[in-house]
Amino acid sequence: MGKVKTAIPGLDELIEGGYVENDVILVTGGPGAGKTTFGVQYLVGGITAYNEPGVLVMTEEAPSRLIRDSWRFGWDIERLISQKKLMVIYADPFKYTKFVKAPEKGQVSVLSGTKTVADMFQQIQTDVAAIKAKRLFIDSITSLKVSTEKSAVRQVVSEFIKNLEYLDCTTLLTSEIYAKTFNVEEYLASGVIKLHVFRVGGSRVRAIEILKMRGVKHDETLHPYDIQEKGIVVHPNEVVMLDDVSIAGSK
Ligand SMILES: Nc1ncnc2c1ncn2[C@@H]1O[C@H](COP(=O)(O)OP(=O)(O)O)[C@@H](O)[C@H]1O
Ligand SMILES: [Mg+2]
(Lines give C-alpha, C1' and ligand atoms only; values in the text may rest on other atoms or scores of the structure.)
(Ligands and ions follow the chains in the order given, each with its own letter.)
Protein backbone atom coordinates (compact mmCIF):
# COMPACT_ATOMS: atom_id res chain seq x y z
CA MET A 1 0.00 0.00 0.00
CA GLY A 2 1.67 3.21 -1.19
CA LYS A 3 1.77 6.22 1.07
CA VAL A 4 1.63 9.90 0.17
CA LYS A 5 3.36 12.41 2.43
CA THR A 6 1.05 15.06 3.83
CA ALA A 7 3.69 17.85 3.69
CA ILE A 8 2.40 18.98 7.09
CA PRO A 9 5.22 18.62 9.65
CA GLY A 10 4.13 16.27 12.45
CA LEU A 11 1.08 14.82 10.68
CA ASP A 12 2.54 11.80 8.86
CA GLU A 13 3.40 10.10 12.11
CA LEU A 14 -0.23 10.25 13.26
CA ILE A 15 -1.38 8.27 10.21
CA GLU A 16 1.35 5.65 9.73
CA GLY A 17 3.46 7.67 7.36
CA GLY A 18 0.95 9.50 5.17
CA TYR A 19 -2.29 9.22 3.22
CA VAL A 20 -3.08 5.95 1.47
CA GLU A 21 -2.31 6.45 -2.21
CA ASN A 22 -5.34 7.33 -4.38
CA ASP A 23 -7.66 7.84 -1.41
CA VAL A 24 -10.07 10.75 -1.09
CA ILE A 25 -9.56 12.57 2.21
CA LEU A 26 -11.92 15.17 3.62
CA VAL A 27 -10.54 18.13 5.60
CA THR A 28 -13.25 19.74 7.63
CA GLY A 29 -13.48 22.67 10.04
CA GLY A 30 -14.97 26.12 10.56
CA PRO A 31 -13.99 29.31 8.74
CA GLY A 32 -10.42 30.34 9.48
CA ALA A 33 -9.46 26.87 10.73
CA GLY A 34 -6.77 26.60 8.08
CA LYS A 35 -8.37 24.22 5.56
CA THR A 36 -7.21 26.11 2.49
CA THR A 37 -3.70 26.47 3.87
CA PHE A 38 -3.65 22.74 4.71
CA GLY A 39 -4.50 21.78 1.14
CA VAL A 40 -2.28 24.29 -0.63
CA GLN A 41 0.61 23.17 1.57
CA TYR A 42 -0.11 19.58 0.49
CA LEU A 43 0.22 20.62 -3.15
CA VAL A 44 3.19 22.98 -2.82
CA GLY A 45 5.06 20.58 -0.52
CA GLY A 46 4.28 17.71 -2.89
CA ILE A 47 5.91 19.58 -5.76
CA THR A 48 8.89 21.08 -3.97
CA ALA A 49 9.80 18.19 -1.65
CA TYR A 50 8.58 15.10 -3.53
CA ASN A 51 8.38 16.22 -7.16
CA GLU A 52 4.72 15.21 -7.38
CA PRO A 53 2.69 17.58 -9.60
CA GLY A 54 -0.69 18.78 -8.38
CA VAL A 55 -4.01 20.22 -9.49
CA LEU A 56 -5.96 22.77 -7.47
CA VAL A 57 -9.68 23.35 -7.93
CA MET A 58 -10.96 26.54 -6.35
CA THR A 59 -14.60 27.37 -5.93
CA GLU A 60 -14.47 29.92 -3.15
CA GLU A 61 -11.55 32.28 -3.53
CA ALA A 62 -10.25 33.89 -6.67
CA PRO A 63 -6.83 32.63 -7.81
CA SER A 64 -5.42 36.15 -7.48
CA ARG A 65 -6.20 36.06 -3.78
CA LEU A 66 -4.73 32.61 -3.35
CA ILE A 67 -1.53 33.75 -5.07
CA ARG A 68 -1.30 36.76 -2.78
CA ASP A 69 -2.03 34.83 0.42
CA SER A 70 0.42 32.08 -0.51
CA TRP A 71 3.28 34.56 -0.63
CA ARG A 72 2.90 34.97 3.12
CA PHE A 73 4.12 31.40 3.50
CA GLY A 74 6.82 31.79 0.87
CA TRP A 75 4.89 29.77 -1.72
CA ASP A 76 5.33 30.98 -5.29
CA ILE A 77 2.17 29.68 -6.95
CA GLU A 78 2.78 31.42 -10.29
CA ARG A 79 6.23 29.91 -10.63
CA LEU A 80 4.87 26.41 -10.00
CA ILE A 81 2.20 27.02 -12.62
CA SER A 82 4.72 28.20 -15.20
CA GLN A 83 6.88 25.15 -14.46
CA LYS A 84 3.84 22.97 -15.32
CA LYS A 85 3.95 21.41 -11.88
CA LEU A 86 0.69 22.97 -10.78
CA MET A 87 -2.59 23.62 -12.55
CA VAL A 88 -5.36 25.75 -11.13
CA ILE A 89 -9.02 25.51 -12.04
CA TYR A 90 -11.36 28.23 -10.86
CA ALA A 91 -15.08 27.53 -10.91
CA ASP A 92 -17.73 29.87 -9.64
CA PRO A 93 -19.99 27.80 -7.40
CA PHE A 94 -23.22 29.49 -8.34
CA LYS A 95 -23.01 29.52 -12.08
CA TYR A 96 -19.81 27.82 -13.17
CA THR A 97 -19.95 30.42 -15.89
CA LYS A 98 -18.74 33.61 -14.27
CA PHE A 99 -15.03 33.86 -13.71
CA VAL A 100 -12.34 36.24 -12.64
CA LYS A 101 -9.65 37.19 -15.08
CA ALA A 102 -6.86 34.70 -15.21
CA PRO A 103 -3.48 35.96 -13.98
CA GLU A 104 -1.10 37.63 -16.44
CA LYS A 105 0.25 34.53 -18.11
CA GLY A 106 -3.24 33.13 -18.59
CA GLN A 107 -2.37 29.80 -17.03
CA VAL A 108 -5.42 29.26 -14.91
CA SER A 109 -7.96 26.96 -16.51
CA VAL A 110 -11.22 28.80 -16.42
CA LEU A 111 -14.43 26.84 -16.60
CA SER A 112 -16.57 28.99 -18.83
CA GLY A 113 -19.89 27.98 -20.26
CA THR A 114 -19.96 24.85 -18.16
CA LYS A 115 -22.78 24.25 -15.79
CA THR A 116 -22.57 20.81 -14.31
CA VAL A 117 -20.44 18.92 -11.86
CA ALA A 118 -19.67 16.48 -14.67
CA ASP A 119 -18.12 19.34 -16.67
CA MET A 120 -16.01 20.22 -13.68
CA PHE A 121 -14.86 16.64 -13.33
CA GLN A 122 -13.93 16.50 -16.99
CA GLN A 123 -11.73 19.58 -16.61
CA ILE A 124 -10.07 17.98 -13.59
CA GLN A 125 -9.38 14.82 -15.57
CA THR A 126 -7.87 16.81 -18.45
CA ASP A 127 -5.59 18.82 -16.18
CA VAL A 128 -4.52 15.81 -14.11
CA ALA A 129 -3.51 14.03 -17.32
CA ALA A 130 -1.77 17.11 -18.76
CA ILE A 131 0.84 17.33 -16.01
CA LYS A 132 0.58 13.75 -14.68
CA ALA A 133 -0.64 15.07 -11.36
CA LYS A 134 -0.37 12.80 -8.33
CA ARG A 135 -2.06 15.22 -5.96
CA LEU A 136 -5.41 16.92 -6.22
CA PHE A 137 -6.94 19.49 -3.88
CA ILE A 138 -10.55 20.64 -4.18
CA ASP A 139 -11.48 23.70 -2.12
CA SER A 140 -14.34 23.18 -1.47
CA ILE A 141 -17.09 20.63 -1.83
CA THR A 142 -19.44 22.89 0.12
CA SER A 143 -19.81 25.12 -2.92
CA LEU A 144 -20.59 22.12 -5.03
CA LYS A 145 -23.52 21.40 -2.76
CA VAL A 146 -24.69 25.00 -2.86
CA SER A 147 -24.98 24.84 -6.61
CA THR A 148 -26.94 21.61 -6.56
CA GLU A 149 -30.60 21.06 -5.84
CA LYS A 150 -31.12 19.95 -2.27
CA SER A 151 -32.71 16.62 -3.09
CA ALA A 152 -29.86 15.75 -5.45
CA VAL A 153 -26.99 16.67 -3.16
CA ARG A 154 -26.35 13.18 -1.87
CA GLN A 155 -26.27 11.66 -5.32
CA VAL A 156 -24.10 14.40 -6.82
CA VAL A 157 -21.56 14.33 -4.00
CA SER A 158 -21.45 10.56 -3.96
CA GLU A 159 -20.92 10.35 -7.72
CA PHE A 160 -18.26 13.06 -7.61
CA ILE A 161 -16.30 11.29 -4.87
CA LYS A 162 -16.58 7.95 -6.67
CA ASN A 163 -15.18 9.53 -9.82
CA LEU A 164 -12.31 11.02 -7.84
CA GLU A 165 -11.45 7.57 -6.54
CA TYR A 166 -10.83 6.35 -10.08
CA LEU A 167 -8.25 9.06 -10.75
CA ASP A 168 -4.63 8.11 -10.23
CA CYS A 169 -4.39 10.90 -7.68
CA THR A 170 -4.55 11.30 -3.93
CA THR A 171 -7.25 13.87 -3.29
CA LEU A 172 -7.97 16.31 -0.48
CA LEU A 173 -11.41 17.89 -0.30
CA THR A 174 -12.51 20.60 2.10
CA SER A 175 -15.92 21.12 3.58
CA GLU A 176 -17.14 23.64 6.06
CA ILE A 177 -18.95 22.63 9.21
CA TYR A 178 -22.37 24.22 9.52
CA ALA A 179 -24.16 21.91 11.90
CA LYS A 180 -23.34 19.24 14.42
CA THR A 181 -24.82 16.59 12.15
CA PHE A 182 -22.63 14.59 9.80
CA ASN A 183 -22.42 15.58 6.18
CA VAL A 184 -22.72 13.04 3.43
CA GLU A 185 -19.10 13.57 2.37
CA GLU A 186 -17.90 12.46 5.79
CA TYR A 187 -19.38 9.00 5.17
CA LEU A 188 -18.14 8.79 1.63
CA ALA A 189 -14.52 9.89 2.00
CA SER A 190 -11.88 7.31 2.95
CA GLY A 191 -10.48 9.64 5.55
CA VAL A 192 -11.72 12.59 7.57
CA ILE A 193 -9.44 15.11 9.26
CA LYS A 194 -11.01 17.72 11.46
CA LEU A 195 -9.44 21.07 12.29
CA HIS A 196 -10.95 22.35 15.54
CA VAL A 197 -10.66 25.90 16.81
CA PHE A 198 -11.51 26.20 20.51
CA ARG A 199 -11.69 29.37 22.51
CA VAL A 200 -10.01 29.31 25.91
CA GLY A 201 -10.39 32.54 27.79
CA GLY A 202 -9.16 35.19 25.44
CA SER A 203 -7.17 32.99 23.12
CA ARG A 204 -7.59 30.33 20.48
CA VAL A 205 -6.52 26.73 20.74
CA ARG A 206 -6.24 24.87 17.45
CA ALA A 207 -6.45 21.08 17.55
CA ILE A 208 -6.34 18.47 14.80
CA GLU A 209 -8.28 15.21 14.99
CA ILE A 210 -8.13 12.21 12.68
CA LEU A 211 -11.79 11.17 12.67
CA LYS A 212 -11.24 8.30 10.29
CA MET A 213 -8.60 6.90 7.95
CA ARG A 214 -9.68 3.63 6.35
CA GLY A 215 -7.11 0.85 6.57
CA VAL A 216 -4.81 2.87 8.80
CA LYS A 217 -4.14 2.47 12.50
CA HIS A 218 -4.40 6.16 13.22
CA ASP A 219 -4.01 8.29 16.29
CA GLU A 220 -7.26 9.17 18.05
CA THR A 221 -6.32 12.02 20.35
CA LEU A 222 -6.49 15.75 19.75
CA HIS A 223 -3.13 17.30 18.95
CA PRO A 224 -2.35 21.00 18.77
CA TYR A 225 -1.50 22.57 15.41
CA ASP A 226 -0.57 26.09 14.55
CA ILE A 227 -0.20 28.24 11.52
CA GLN A 228 3.37 29.48 11.35
CA GLU A 229 5.48 31.46 8.90
CA LYS A 230 5.97 28.45 6.64
CA GLY A 231 2.51 26.99 7.03
CA ILE A 232 0.73 24.52 9.29
CA VAL A 233 2.66 22.53 11.88
CA VAL A 234 1.18 19.68 13.95
CA HIS A 235 2.60 18.80 17.37
CA PRO A 236 2.22 15.02 17.59
CA ASN A 237 3.79 14.74 21.02
CA GLU A 238 1.42 17.22 22.64
CA VAL A 239 -2.21 16.54 23.47
CA VAL A 240 -5.13 18.96 23.83
CA MET A 241 -7.26 17.97 26.82
CA LEU A 242 -10.92 18.71 26.31
CA ASP A 243 -11.32 19.58 30.01
CA ASP A 244 -9.07 22.56 29.41
CA VAL A 245 -11.05 24.06 26.60
CA SER A 246 -14.50 25.46 26.23
CA ILE A 247 -16.36 22.99 24.06
CA ALA A 248 -19.07 25.53 23.50
CA GLY A 249 -16.52 27.57 21.60
CA SER A 250 -15.78 24.69 19.25
CA LYS A 251 -16.32 25.30 15.58
N1 LIG B 1 1.25 33.94 8.33
C2 LIG B 1 0.32 33.50 9.18
N3 LIG B 1 0.65 33.25 10.44
C4 LIG B 1 -0.27 32.81 11.32
N5 LIG B 1 -1.54 32.60 11.01
C6 LIG B 1 -1.93 32.83 9.76
C7 LIG B 1 -1.02 33.31 8.78
N8 LIG B 1 -1.70 33.44 7.63
C9 LIG B 1 -2.96 33.07 7.90
N10 LIG B 1 -3.11 32.72 9.18
C11 LIG B 1 -4.33 32.20 9.82
O12 LIG B 1 -4.93 31.31 8.91
C13 LIG B 1 -6.32 31.56 8.84
C14 LIG B 1 -6.86 31.33 7.44
O15 LIG B 1 -6.64 30.02 7.09
P16 LIG B 1 -7.40 29.39 5.86
O17 LIG B 1 -6.53 28.30 5.40
O18 LIG B 1 -7.82 30.40 4.89
O19 LIG B 1 -8.69 28.82 6.63
P20 LIG B 1 -10.02 28.18 6.06
O21 LIG B 1 -9.76 27.79 4.66
O22 LIG B 1 -10.29 27.02 6.97
O23 LIG B 1 -11.08 29.22 6.20
C24 LIG B 1 -6.48 32.99 9.22
O25 LIG B 1 -7.72 33.16 9.86
C26 LIG B 1 -5.34 33.24 10.14
O27 LIG B 1 -5.76 33.01 11.48
MG1 LIG C 1 -10.71 28.31 2.89
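**Figure 1. Residue N22 in the loop between β2 (19–20) and β3 (24–29)**. N22 counts as partly exposed because 18 C-beta neighbours lie inside 10 Å; by the criterion used, a residue is buried if 20 or more other C-beta atoms lie within 10 Å of its own, exposed if 12 or fewer, and partly exposed in between, with C-beta atoms placed from the backbone. The phi angle of N22 is near 70 degrees, a positive value in a residue other than glycine. Most residues other than glycine have a negative phi, and most peptide bonds are trans. The structure is a predicted model, in which local features need pLDDT of at least 70, side-chain atom pairs count only at pLDDT 80 or more, and totals for chains, interfaces and linings use all residues. Residues are numbered from 1 along each chain as its sequence is written, while chains are lettered from A and ligands numbered from 1 in the order in which they are written. Helices (H or I, at least four residues) and strands (E, at least two) are DSSP runs, numbered from the N terminus.

**Figure 2. Further backbone features at K84, K132 and the D139 to S140 peptide bond**. K84 lies in the loop between α3 (77–82) and β5 (86–90). Its phi is near 60 degrees, again positive in a residue other than glycine. K84 counts as exposed because it has 12 C-beta neighbours inside 10 Å. Just after α4, K132 adopts a positive phi of about 50 degrees. The peptide bond from D139 to S140 is cis, with omega near 10 degrees; S140 is found in the loop between β7 (135–139) and α5 (141–146).

**Figure 3. The shell of residues around ligand 1**. The shell consists of G29, P31, G32, A33, G34, K35, T36, T37, R72, I227 and E229, a residue being near a molecule if its C-beta atom, placed from the backbone, lies within 6 Å of it. Helix α1 (residues 35–50) supplies the largest share of this shell, 3 residues. By residue class, the shell divides into 3 nonpolar, 5 polar and 3 charged residues. In this classification Ala, Val, Leu, Ile, Met, Phe, Trp, Tyr, Cys and Pro count as nonpolar, Asp, Glu, Lys and Arg as charged, and the others, Gly among them, as polar.

**Figure 4. The largest nonpolar core and the surroundings of L86**. The core has 67 residues, and those with the most contacts inside it are V55 and L86. The largest share of this core, 6 residues, comes from α1. A nonpolar core is a set of buried Ala, Val, Leu, Ile, Met, Phe, Trp, Tyr and Cys residues joined through C-beta atoms within 7 Å. Apart from its neighbours within four places in sequence, L86 is in contact with L43, I47, P53, G54, L56, I77, L80 and I81; two residues are in contact if their C-beta atoms, placed from the backbone, lie within 7 Å.

**Figure 5. Residue A7 in the loop between β1 (3–4) and β2**. A7 is buried, with 24 other C-beta atoms within 10 Å. Neighbours within four places in sequence aside, the contacts of A7 are Q41, Y42, G45, G46 and A49. The C-alpha atoms of A7 and T48, which are 41 residues apart along the chain, are separated by 9.8 Å.

**Figure 6. Helix α6 (residues 153–166) and its two faces**. The helix has 14 residues and reaches 20 Å from its first C-alpha to its last, close to the 20 Å expected at 1.5 Å a residue; the expected span is 1.5 Å times one less than the number of residues. V157, F160, I161 and L164 are buried in α6. Seen down the axis of α6, these buried residues fall within an arc of 95 degrees, so they line one face of the helix; the arc is that of the directions from the helix axis to the C-beta atoms. The face turned away from the buried side of α6 carries the exposed residues Q155, K162 and Y166.

**Figure 7. Buried residues of helices α2 and α4**. In helix α2 (residues 63–71), P63, L66 and S70 are buried. They fall within an arc of 55 degrees seen down the axis of α2, so they line one face of the helix. R68 and W71 are exposed on the other side of α2. The buried residues of α4 are M120, Q123, I124, D127 and V128. They cover an arc of only 135 degrees around the axis, which puts them on the same side of α4.
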